[in-house]
Amino acid sequence: MIENVGPVDASKNPRYSGIATFARLPRIEDVPRADIAVVGIPFDSGVSYRPGARFGPSHVRESSRLLRPYNPAQDVSPFEIAQVVDAGDIPVNPFDLSEAVIEIEAAAKALGERSQRIVTIGGDHTIALPLLRAVAAKHGPVAVLHFDAHLDTWDTYFGAPVTHGTPFRRASEEGLIDLTASCHVGTRGPLYSKQDLEDDARLGFSIVSSEYIEEHGVEAGIRRVLQRIGDRPLYVSIDIDVLDPAHAPGTGTPEAGGLTSRELLRIIRVLSATNMVGADVVEVSPAYDHAQITGIAASHVVYELVTLLAAQLAR
């Protein structure tokens, strides 16, 4: 049995030194195989408000230096039971959004040939569409568990059909998602009209809103989520603005009244019994962050997702 290559040993090499791969893991080119690849997509040409998420992957990596090999909350040592690697960044065209989407899909499919599972660090939420195209090409329509302050099922912005506010409408229309098993978590804040909610339901999503969690508690929200997604192949997409700005100020479209980082991590951890096939964490905009608050939250979210995938692959 080939022994997995884990992170740099912090007792021999200080955490603040060396190349900032995610969790100080080996690069994909430095190991013979990969079970789980963490990859960045530094792209934010689809944003409608504050830019800067193109710098998200490097910020999350830098914020992940303090992560350690054993996850006590899940009782799993993910880097021991799976070969987890940092696959670097996918280079995409920052001036042509349509070409960028094509490039992301092609690169995700190619990386999927080298690694069983991919966790992506964005980048803005536009990237979820080509990532879902790549996942659905391999697994068929997937249940989407979408953590976000916003629905992201709007139609167009300035006539543009593909932006960070439209990926799940396009994914639904293209038949990429399971219309009976997809769910938003943490949505809140003003909408354009009630029609937004009606369209969202038609496109295949149920909602566990931030208000629902406040009123009924996290455990009630978890029960609704698990009942909704069942045992379908699951893709998890996490916009960091699902967190309250107190916990994630460094994002492009913040909304008051969000989840705490503790609540988000709790919900993610219960996905251990699901059939997760991929995930992304998006919309970290470092220019608006303070003392790596957002970057640290995002790095822990990625760590929990990697732990889940490692445990699932080991079963």
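A residue counts as buried under 20% relative accessible area, as exposed over 50%, and as partly exposed in between, with a 1.4 Å probe and protein chains only. The structure treated here is a predicted model, in which local features need pLDDT of at least 70 and side-chain atom pairs count only at pLDDT 80 or more, while totals for chains, interfaces and linings use all residues. Residues are numbered from 1 along each chain as its sequence is written, and side-chain values use heavy atoms, with hydrogens and water left out.

**Exercise 1. Overall form**

Task: State what secondary structure the chain has, and compare its radius of gyration with the globule rule.

Solution. 
Step 1. The chain contains 10 helices and eight strands, where helices (H or I, at least four residues) and strands (E, at least two) are DSSP runs numbered from the N terminus.
Step 2. The radius of gyration, taken over C-alpha atoms, is compared with 2.2 Å times the number of residues to the power 0.38. For 315 residues this rule gives 20 Å, and the chain has 18 Å, a close value, so the chain is as compact as a globular protein of that length.
Step 3. The C-alpha trace spans about 55 × 45 × 40 Å along its principal axes.
Step 4. Buried residues make up 57% of the 315 in the chain. Of the contacts (heavy atoms within 4.5 Å) with a separation of 6 or more, 77% join residues 24 or more positions apart.

**Exercise 2. Charged side chains**

Task: Determine how many positive and negative side chains the chain has, and how many salt bridges are counted.

Solution. 
Step 1. Lys and Arg count as positive and Asp and Glu as negative, whereas His and the chain ends are not counted. Each charge is placed at NZ of Lys, CZ of Arg, CG of Asp or CD of Glu.
Step 2. There are 28 positive and 41 negative side chains, and the centres of the two sets are 5 Å apart.
Step 3. A salt bridge requires a side-chain nitrogen of Lys or Arg within 4 Å of a carboxyl oxygen of Asp or Glu. The count by this rule is 16.
Step 4. Arg27, Glu29 and Asp30 belong to a linked network of such bridges.

**Exercise 3. Three individual salt bridges**

Task: For the salt bridges Arg65 with Glu62, Glu105 with Lys109 and Arg133 with Glu174, describe the setting of each partner.

Solution. 
Step 1. Arg65 is buried at 10% relative accessibility, while Glu62 is partly exposed at 35%.
Step 2. For Glu105 and Lys109, the corresponding distance is 3.0 Å. Because the two residues are four apart in helix α3 (residues 97–114), about one helical turn separates them. Glu105 is buried at 19%, and Lys109 is partly exposed at 37%.
Step 3. Arg133 and Glu174 have their closest N and O atoms 2.7 Å apart. This pair links distant parts of the chain, 41 residues apart: Arg133 lies in helix α4 (residues 128–139), and Glu174 in the loop between α5 (167–173) and β5 (182–185). Arg133 is partly exposed at 21%, as is Glu174 at 38%.

**Exercise 4. The surroundings of Ser210**

Task: Locate Ser210 and identify which residues are in contact with Ser210, leaving aside neighbours within four places in sequence.

Solution. 
Step 1. Ser210 lies in helix α7 (residues 210–216), and is buried at 6% relative accessibility.
Step 2. With those neighbours set aside, Ser210 contacts Gly186, Thr187, Arg188, Gly257, Gly258 and Leu259.
Step 3. Leu259 is 49 residues from Ser210 in sequence, yet their C-alpha atoms are 6.7 Å apart in space.
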